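Subject: Structure handover

Hello,

Here is the structure I promised to pass on. Please open it alongside this note; my findings follow below.

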Amino acid sequence: MFLVSNVASSALLLLTGAAVPRETLPDGLRVAGELLPLTHAADAARRLTAGGGLDGRLLGTELLVGAGYAVLAVVLLALFERGSRRRATLDVM
């Protein structure tokens with residue numbers, strides 16, 4: 001389990017621009033980073049600490065991405081719950 005969380009953490013740090021500038025990433029990885037929840041918050045924090053002020057557009061984008069992930073989580077929970085009830089088990093597979 002720790003292996004999965006370490007790989008996921010490393011991928012998030014890489015793709016969101018927290019570890020390396022996203023401008024240096026290939027186009028495909030940069031697009032994937034745009035869909036992750038931490039990306040826009042990191043950009044807003046970086047801009048704020050540089051003295052650029054609070055960017056409402058970045059924070060709004062972050063909220064929309066987070067809401068998208070919340071909707072996806074609810075849909076997947078309902079799907080897995082329906083399958084568990086049908087099979088009368090808590091196993092996913």
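Ala-88 sits in the segment after helix 4. Helices here are DSSP runs of H or I with at least four residues, numbered from the N terminus. The phi of Ala-88 is near 55 degrees, a positive value in a residue other than glycine. Most residues other than glycine have a negative phi. Ala-88 counts as exposed, because its relative accessibility is 70%. On this scale, buried is under 20% relative accessible area, exposed is over 50%, and partly exposed is in between, with a 1.4 Å probe and protein chains only.

A word on the source. This is a predicted model, in which local features need pLDDT of at least 70 and side-chain atom pairs count only at pLDDT 80 or more, while totals for chains, interfaces and linings use all residues. Residues are numbered from 1 along each chain as its sequence is written, and side-chain values use heavy atoms, with hydrogens and water left out.

Now helix 3 and helix 4. Helix 3 covers residues 38–49 and helix 4 covers residues 56–87. They pack at an angle of about 160 degrees, and their axes are 8 Å apart. The axes are lines fitted to C-alpha atoms, for helices over the stretch in contact, and the angles run from 0 to 180 degrees between N-to-C directions. Helix 3 and helix 4 are therefore roughly antiparallel, a term for angles over 145 degrees. Their crossing is left-handed, meaning that the near helix is turned anticlockwise from the far one by less than a right angle.

Which residues meet between helix 3 and helix 4? From helix 3 come Leu-38, Thr-39, His-40, Ala-41, Asp-43 and Ala-44. From helix 4 come Leu-58, Leu-59, Thr-61, Glu-62 and Val-65. By class, this contact has six nonpolar, three polar and two charged residues. Ala, Val, Leu, Ile, Met, Phe, Trp, Tyr, Cys and Pro count as nonpolar, Asp, Glu, Lys and Arg as charged, and the others, Gly among them, as polar. Contact means heavy atoms within 4.5 Å.

Helix 3 itself has 12 residues. From its first C-alpha to its last, helix 3 reaches 16 Å, close to the 16 Å expected at 1.5 Å a residue. The expected span is 1.5 Å times one less than the number of residues. The buried residues of helix 3 are Thr-39, His-40, Ala-42, Asp-43 and Ala-44. Their cover includes helix 1 (2–15), helix 2 (27–34) and helix 4. Take Asp-43: this residue counts as buried because its relative accessibility is 17%. Leaving aside neighbours within four places in sequence, Asp-43 contacts Arg-22 and Leu-58. After helix 3 comes Gly-51, with a positive phi near 90 degrees.

Next, Leu-36. This residue lies in the loop between helix 2 and helix 3. Leu-36 is buried, at a relative accessible area of 15%. Not counting residues up to four places away in sequence, Leu-36 touches Leu-12, Leu-15, Thr-16, Val-65 and Tyr-69. Leu-36 and Ala-88 are 52 residues apart in sequence and 34 Å apart in space, C-alpha to C-alpha.

Last, Leu-79 in helix 4. Leu-79 is partly exposed, at 45% relative accessibility. Leu-79 and Gly-56 are 23 residues apart in sequence and 34 Å apart in space, C-alpha to C-alpha.

Best wishes

Methods: Helix = DSSP H or I, 4+ residues; strand = E, 2+ residues; numbered from the N terminus. Parallel < 35°, antiparallel > 145°, perpendicular 65-115°, else oblique.
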